[in-house]
Every structure is written in structure tokens, then in C-alpha cells.
Amino acid sequence: MTDALGWRRKFGVLAPSTNTIVEPDFYAMAVPGVTSHFSRVHLRGEDLSDDAELGSACERVLPCEPDYMVMSTETFRDGADGNRGLVARIKKITGLDVATGAEACERALRAYGARRIGVITPYQPAGDADVVRFFGEIGFEVTAIEGLRCPTAVSIAHVTEDELRAAILDVNTPDVDAIVQCGTNLSMLRLADEAERWLGKPVIAVNAATWWMALRENGIKDRVYGAGSLLREY
């Protein structure tokens with residue numbers, strides 16, 4: 001017997017309690033037979049670096065018997081080792097494989113054959129430093145970065161397309177092979193798809209990359225339109 005709606009796969013998704021973007025983004029990229037089941041990681045106050053209660057969030061989603069886990073909180077923190085440690089922690093708690101935004105962006109960049117990247121984040125300088133460190137440790141060069149310095153976790157979702165368009169143009173230097181947007185509460189799914197047509201190069205929204213990794217890791221090859229060339233062509 002299989003789940004009536006999630007007959008191909010059920011994903012357990014961990015998202016920050018402040019996040020209002022990743023859940024509708026994942027629903028917008030839905031494919032038949034795959035369902036997403038969200039569990040909120042409680043953030044105490046507005047601290048963007050607080051990942052308290054991660055274990056509890058995992059335990060809250062396990063009763064629905066997901067086949068795979070998706071991590072949609074900050075996954076660039078403390079560089080490549082930090083991401084690997086986070087994956088190991090979730091695997092230990094759940095016994096399931098995990099897609100993270102950081103690893104998904106790495107896989108996407110390798111699929112495109114990109115090496116030099118421009119990056120857009122909603123973070124403060126410490127968060128930007130983590131992003132630059134992560135990509136540097138796995139062999140990519142961040143040649144330009146635009147941190148939007150959002151004052152709170154909730155305010156990340158208030159960034160407009162006009163602001164993001166300006167940020168894309170700022171980091172699109174001539175030596176950039178691809179542009180990566182970090183921060184799962186930053187709404188850039190549709191704009192990334194459009195920007196690829198203006199710029200003629202990959203523009204990777206982290207939520208699209210994470211969903212792509214989760215699907216492909218589970219043998220699901222469906223093409224998704226309107227979220228960038230990664231889900232459409234790879």
C-alpha cells in the first residue's frame with residue numbers, strides 16, 4: 001500500500017518557524033505523486049543563526065513516515081564541515097537521506113560546469129562570510145556578493161523583486177559563470193527563471209536547487225517549468 005497522494009515519495013521538510021516563502025515555493029514546484037510535509041524549527045526571537053529544536057522538529061515530522069528529508073534552514077553556516085555535520089545530525093535522528101540548500105547549490109553549479117559565481121543573500125556580514133567560506137572550501141570562487149542585510153528573519157520575505165533585480169545586476173560581473181541566491185525565505189523563484197533569459201547564464205534560486213536535489217536523489221526526473229533551467233533541463 002502507498003500513500004494516496006504521495007505515492008512516489010513523501011518528503012519531510014524542516015523550515016524555520018519564521019519562514020513564509022519556502023513552503024509555497026515547494027508547492028508551486030510540485031510534481032504528481034510527491035508530497036511535502038513541513039515541520040517548523042522553532043527560532044527563539046529573530047536570531048537568524050538560531051537552529052534550536054532541530055531534533056524536535058525532526059521528531060514531529062517522522063510520524064507521517066516520510067521517505068526523505070529536506071533541510072530548508074540556514075545550511076551554509078560554518079562552511080562545508082558545518083553542512084556535513086548538519087546532514088549527519090539529521091540522518092542520525094531520522095535514519096533518512098537529506099537534501100540541504102548548500103549541497104543542492106553545489107550540485108547545481110557542478111551540473112552547469114560553473115566555477116566563478118556571483119551570490120545574493122539576505123544575510124548580515126557574518127552570514128555572507130559563511131557563504132563565501134562554504135563555496136571556497138568546495139572549489140568555487142565567489143567573485144561578487146550582495147548581502148541585503150535584512151534586519152530580521154521575517155523581513156527577508158519582504159524583499160521586493162525590484163530589489164532582487166538590482167542585486168542580480170550588481171553581482172553579474174563579466175567573469176561570473178552563474179548566480180546563486182541563498183536564503184530560503186527570499187522569494188526569487190520566478191525572478192531567477194526570468195533572469196536567466198536576460199543574462200544568458202544560470203541563475204540558481206536556493207529553493208529550486210533544493211527541490212531539484214530532492215527529486216533527482218529519489219529518481220524523479222519530472223521537468224518543472226517556471227523555476228529556472230535546473231528543474232527544466234537537468
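Author: A residue is buried under 20% relative accessible area, exposed over 50% and partly exposed in between (1.4 Å probe, protein chains only). This is a predicted model, in which local features need pLDDT of at least 70, side-chain atom pairs count only at pLDDT 80 or more, and totals for chains, interfaces and linings use all residues. Residues are numbered from 1 along each chain as its sequence is written, and side-chain values use heavy atoms, leaving out hydrogens and water.

Reader: Is Phe76 buried or exposed?

Author: The relative accessibility of Phe76 is 4%. That value falls under the cut-off, so Phe76 counts as buried.

Reader: In what order do the four strands of the open sheet lie?

Author: Strands (E, at least two residues) and helices (H or I, at least four) are DSSP runs numbered from the N terminus, and two strands pair if DSSP finds at least two bridges between them. The edge strands, each pairing on one side only, are β2 (34-41) and β4 (98-100). The pairing is parallel, and the order is β2-β1-β3-β4.

Reader: Which residue in β2 is the bridge partner of Leu14?

Author: β1 and β2 pair in the parallel sense over eight bridges. In β2, Leu14 has as its bridge partner Ser39.

Reader: Why is strand β1 largely enclosed by the rest of the structure?

Author: Strand β1 covers residues 9-16. β1 is joined to β3 by four bridges, and to β2 by eight. β1 is largely enclosed because, of its eight residues, the number buried is seven.

Reader: At about what angle does helix α4 run to β4?

Author: Axes are lines fitted to C-alpha atoms, for helices over the stretch in contact (heavy atoms within 4.5 Å), and angles run from 0 to 180 degrees between N-to-C directions. Helix α4 (residues 101-112) lies across β3 and β4. Its angle to β4 is about 75 degrees.

Reader: How many residues apart in sequence are the parts tied together by Phe76 and Phe135?

Author: Rings of Phe, Tyr and Trp (its six-membered ring) pair if their centres lie within 6.5 Å; planes under 30 degrees apart count as stacked, over 60 as edge-to-face and the rest as tilted. Phe76 and Phe135 form a tilted pair, 5.6 Å centre to centre with 45 degrees between the planes. Phe76 lies in the loop between β3 and α3 (79-94) and Phe135 in helix α5 (residues 125-137), so the parts tied together are apart in sequence by 59 residues.
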